[in-house]
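User: I am new to this structure and would like a short tour. Could you take me through it?

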Amino acid sequence: MAETSTRPRRQRDYHRIPQQLPLVIDNGAFRCRMGWAGEDTPRVEFRNVVNKPRHRATGETVNVVGDFDPSLVKTFDFTRAAVRTPFDGNVVYQYETMESILDYGFERMGIEGDGQIDHPVLMTECPCNPSYCRGKMAELLFEAYDIPAVAFGIDGVFSYLNNKNQGVSEPDGFVVCSGHMATHVIPMLNGEPVMEAAVRTPVGGYHVTDYLKRLLSLEYPYHVNSISWEKVEELKQDHCYIAGNYHSELEIFQNGGSEAEEKTRWWQLPWVPPPPEKEAATEEEIARKAAIREKQGQRLREMAAAKRSSKIADLEIEVAGLEQLLQNLDVADEDTDALLAESGYLSRDEIQSALTKASVSLKKLKGEAVQPEPEKVDDTPDKEKYPLLDVPNSLLTAEQLKEKKRQRFLKMTSEGRARAKLKRQEEGLEREREKQIDEERRFFPLLSLFSTGTLVLGGRGERLSASQKERMRLLTTAAFDRGKEEDNFGQRDEDWQLYKRMSRDGDDDEDAEEDDAELVRLEARLQEIDSTFQPSVALAQGAQKTSVEVQAPKPLTAEDFRISLGVERIRCPEIVMQPGMVGVDQVGIGEMVEASLRRLPENLHKLVVKGTILLTGGNTLFSGLDERLITELRACRPFGSTIRVVKAANPLLDAWQGASRFADSSGFRKFTFTKEDYEERGQDWLRKHKLIYSYADAFS
Amino acid sequence: MKRKSAQLDSISNSASATPLSDFPQPSVAKTNSSSSGGVGGGPGSELSDSDVILPSVLHFKRSQLSDRYPKGHSRGRHWKHLKQIIQAENFHLYPPDEPNYISIEAPPSMYPAKKYCDITGFEAPYTDPRTKLRYANAEVFKRVRSMPDEFIQGYLALRNAAVIIK
C-alpha cells in the first residue's frame with residue numbers, strides 16, 4: 001500500500017521465459033499486478049488508472065498509465081486531465097481504458113510476439129462478476145492480444161489459499177477481503193469458497209480516503225489545494241487506525257485533555273513566515289532615495305522646459321508672421337486678395353482672430369497673466385430697463401403695448417435665470433457638504449456607527465426585522481401584482497426565486513427571537529433568586545464577538561497552516577465497520593461475517609465457525625481491525641465460542657501469489673477457457689466458468 | 001514519433017538534473033539508443049520506451065488500440081455503467097440458487113444506525129431542524145448556524161443525505 005510510486009521498469013528477460021508460461025494478473029481496482037506463474041512476486045505493479053495529460057512539447061494528449069509521479073509534470077500538462085479508472089465500483093466497465101492498462105502492463109513485462117501473446121492468462125475478478133463483464137474481458141484478451149486461454153479467479157480466495165499453504169489459515173473459515181472499492185466476506189469450506197453465502201458491502205479503501213479528504217476539505221477550506229488525493233491516502237495509511245471501542249475512543253477525543261492531544265497528529269503545510277515588518281529605513285537610505293527622486297524630477301522638469309521653450313519659439317514666429325501679414329495688408333491696398341490667397345486666410349478678420357489666439361496662448365505659455373474678459377454685470381435697475389411695465393395699458397399706443405409685452409417677457413426670463421442660478425449655487429453647496437460628510441464617514445467608520453446608533457450589541461432583532469420587512473414587501477407586491485394585468489407569473493425561471501426569498505428563514509428567526517426573549521426573562525428570574533447567577537454565556541459571547549469583529553485580521557501563523565488529525569484518525573476507517581456513517585445502508589465487517597453465516601446451510605455452520613477468519617486486502621492494514629472484529633463477533637456469538645481472526649501474511653500480495661501458485665499447478669489447464677471454446681461456445685458459456693481452487697495441486 | 005521521443009529525452013534529461021526523482025536516468029540512456037535505432041525496427045528493438053508513453057504500435061497485439069479507436073473520432077458513449085450492466089444481466093433466467101452480483105449484496109444492518117455529529121464525528125444527540133445536520137453540542141450548533149450553505153450540503157453529502165436537485 002505504501003510503495004513508493006516509482007514507475008515499473010521494462011523487464012528484459014522475456015527471452016528466458018518459457019513459451020506458454022501462464023501470465024498472472026491481479027486486476028485490482030487500486031493496483032494492477034502482473035507477473036509470471038510460479039514466481040513469488042509480480043514483475044510489474046502500478047496504479048490501475050489512466051491519465052490523459054497533454055504533452056507540453058507537442059500538445060498531443062497521451063495515455064499515461066499508472067502512478068502519478070511528480071516529475072511527470074515537467075513533460076506533461078495535467079491541468080485538464082482527469083484520472084480514469086476502468087472500474088465502476090469493483091467491476092470493470094470501460095474496456096478501452098482497460099486495454100490501455102493491459103497494453104502498458106504487457107509492454108512493461110517485456111513481452112514480445114508477432115501479433116499474439118502466447119501465454120494463457122489467469123486474471124482476478126470481483127466475486128460474482130456479471131457475465132457481461134467477464135465476456136467483455138475475455139473478448140478483449142482474445143481479440144486484441146490473441147491469447148490461447150484465460151481463467152478467472154477471485155483475489156480474496158487466492159489470498160486465503162496462499163495463507164492456508166503458509167499455515168496461517170485453515171481449510172474452513174471466512175475470508176474477509178477489503179479492497180479499494182468493496183469489502184467481501186466469503187465463507188471457505190475445505191479450501192473452496194461458498195459463493196452462495198458471500199456478502200459484499202460497497203465500502204473500501206477508496207471510500208475511507210475519500211471520506212477523509214472531504215472531511216479535511218470542509219474543515220480547512222483555505223487549504224483545499226494542498227489536500228490532494230495522494231497526500232490524503234498517505235495520511236490515511238500513516239495515521240488512521242480502527243478503535244477497539246469506538247465510543248470510548250470518541251469520548252477521549254471529545255473530552256480533550258492530554259490523552260486526546262497525545263492521539264492527535266498534525267500535518268504542517270509548507271509555510272513561510274512573512275518578512276518581519278520593515279524597520280524604519282536608515283537616514284542614509286532615505287537620503288539616497290530622496291536624491292534619486294530629486295534627480296528624476298529634475299530630468300522631467302528639464303524635459304518639460306525644453307518642450308515649452310520650443311513651443312514658445314514656434315508661437316513667436318507665428319505671431320510675427322501674422323503681424324507682418326497684417327502690415328502688408330495695410331500697405332498694399334489693391335493686392336489684398338492676392339495676399340490673402342497666398343496666406344491661406346479668407347479675410348482680414350480671420351487673420352486678426354488667429355493673431356489674438358496665438359498671442360494669448362503665447363502669453364499663457366510665458367506665464368503672464370491673461371486677463372479674463374470681465375463678466376458684464378448688468379445692474380441697471382428694472383425701471384430703466386423695462387420702462388413701459390409700470391405704465392398703465394390705457395396710456396399706450398398699440399405699438400407701445402406690443403413693446404410692453406416684450407419687456408414683460410424679457411423681465412420674466414431674466415428673473416427666472418437669476419433664480420435658477422441661485423438654486424444651482426445652493427445645490428453646489430449642498431453637494432459639497434454631503435461629500436464632506438461622506439468623507440468623514442469613510443475615515444471614521446466606527447464613529448458614525450455609534451452616532452447613528454446602528455451598532456447595538458446583539459443587534460439581532462433589528463437586522464431580522466429588516467429582513468422581515470423585506471419579506472412583507474415581497475408578499476404585498478406579489479398580492480397586488482397578481483390582480484393587475486394578465487398573469488404571466490412563472491413564465492420566467494427567475495419568478496420562482498420569489499418564493500424562496502419570501503420563505504427564507506422567516507419562521508425560524510421568529511422562533512429564535514422568541515427564544516431570546518424567553519432566555520432574557522428566565523435569566524432575570526434566576527438572578528432574582530440567586531444573586532451570584534451569571535448571565536448567559538451566549539449573550540456575553542455575542543458582546544465579545546462584536547468587539548472582535550472590529551479588530552483587524554491577525555497575521556497568519558504557522559498554526560493556520562497546520563492540519564490536525566484527531567478524531568478523523570478513527571472516524572474514517574470506522575466506515576468499514578459502520579457503513580451507515582457514509583450513507584450506505586448495509587452491514588459493516590463485523591455483521592458481514594454473521595450475515596454470511598446466516599446464508600450458509602445450518603449443517604455447515606459448525607465447520608465454518610470453528611475455522612479462521614482471514615483478513616486480507618489493502619484496506620485491512622489498519623491496526624486494531626483484528627481486535628475490533630473479535631470484539632464485534634464475540635457480541636454476536638454464543639458465550640464461550642472461540643473466535644480466531646488472523647491477518648494475512650501479506651495482505652497486498654497474497655492474492656497475486658496465490659494466483660501465481662494456482663497458475664503454476666498442473667490443474668490450471670483444466671480450468672482455462674480456451675480460444676477454441678471462445679470461438680465455438682461464445683461468451684455466454686463463460687458464465688459457468690468456475691475455478692475449483694482445491695483441484696490445483698498447489699493448494700492440496 | 002521519433003522527434004517526440006527525442007524531445008522527451010531532452011526534457012527528461014533536464015529533469016534528471018534535479019534530485020527530485022531518480023527514475024528518468026536509466027530511461028534516458030535507453031531512449032537515446034533507441035531513437036538512434038529508428039522507428040521501423042522489428043519487435044525486438046527498444047524504441048518503445050520513454051518509460052511513460054507507449055508506442056502507437058505494439059507488436060504483441062493482434063489489433064492496435066489506435067486502429068480501432070482512431071484519434072479525433074467521437075464515437076459517443078461506448079460503454080455501460082455498472083447499473084446498466086446489472087439491469088441488462090438476466091438474473092431471473094438463471095437458476096435461483098446460482099449466486100450473482102446482486103444476490104451477494106450485503107443486507108442492511110439489524111441494529112439501528114448510530115447517529116454521529118456531522119462536523120466533529122462525536123455522538124450526536126441532536127438534529128438541527130433547519131439544516132438537518134446532526135450535532136453534538138451547543139458549540140457545534142453555533143458553527144452549524146453560521147455555516148454557508150455549500151458547507152452544510154458538503155457535510156450532508158458525506159452521509160449521502162444532501163439535497164440533490166436534478
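User: What does UniProt place at residues 115-144 of chain B?
Analyst: The UniProt record, an unreviewed entry, places "domain: Vps72/YL1 C-terminal" there. UniProt positions follow the numbering used here, feature names are shortened, and annotations may be inferred rather than shown by experiment. This is a predicted model, in which local features need pLDDT of at least 70 and side-chain atom pairs count only at pLDDT 80 or more, while totals for chains, interfaces and linings use all residues. Residues are numbered from 1 along each chain as its sequence is written, and chains are lettered from A and ligands numbered from 1 in the order in which they are written.

User: How much helix and strand is in 115-144 of chain B?
Analyst: That stretch is 23% helix and 13% strand, where helices (H or I, at least four residues) and strands (E, at least two) are DSSP runs numbered from the N terminus. Its end C-alpha atoms are 16 Å apart.

User: How many residues of chain A are in contact with chain B?
Analyst: In chain A, 69 residues are in contact with 59 residues of chain B; contact requires C-beta atoms, placed from the backbone, within 7 Å.

User: Which element gives the largest share of that side of chain A?
Analyst: H1(A) does, with seven residues.

User: Changing topic, is H20(A) mostly covered or mostly open?
Analyst: H20(A) is mostly covered, with eight of its eleven residues buried, among them Ile589(A), Met592(A) and Leu597(A). A residue is buried if 20 or more other C-beta atoms, placed from the backbone, lie within 10 Å of its own.

User: And how does H8(A) pass H10(A)?
Analyst: H8(A) passes H10(A) in a left-handed crossing, meaning that the near helix is turned anticlockwise from the far one by less than a right angle.

Notes: Contact = placed C-beta atoms within 7 Å. Buried ≥ 20, exposed ≤ 12 C-beta atoms within 10 Å, placed from the backbone.
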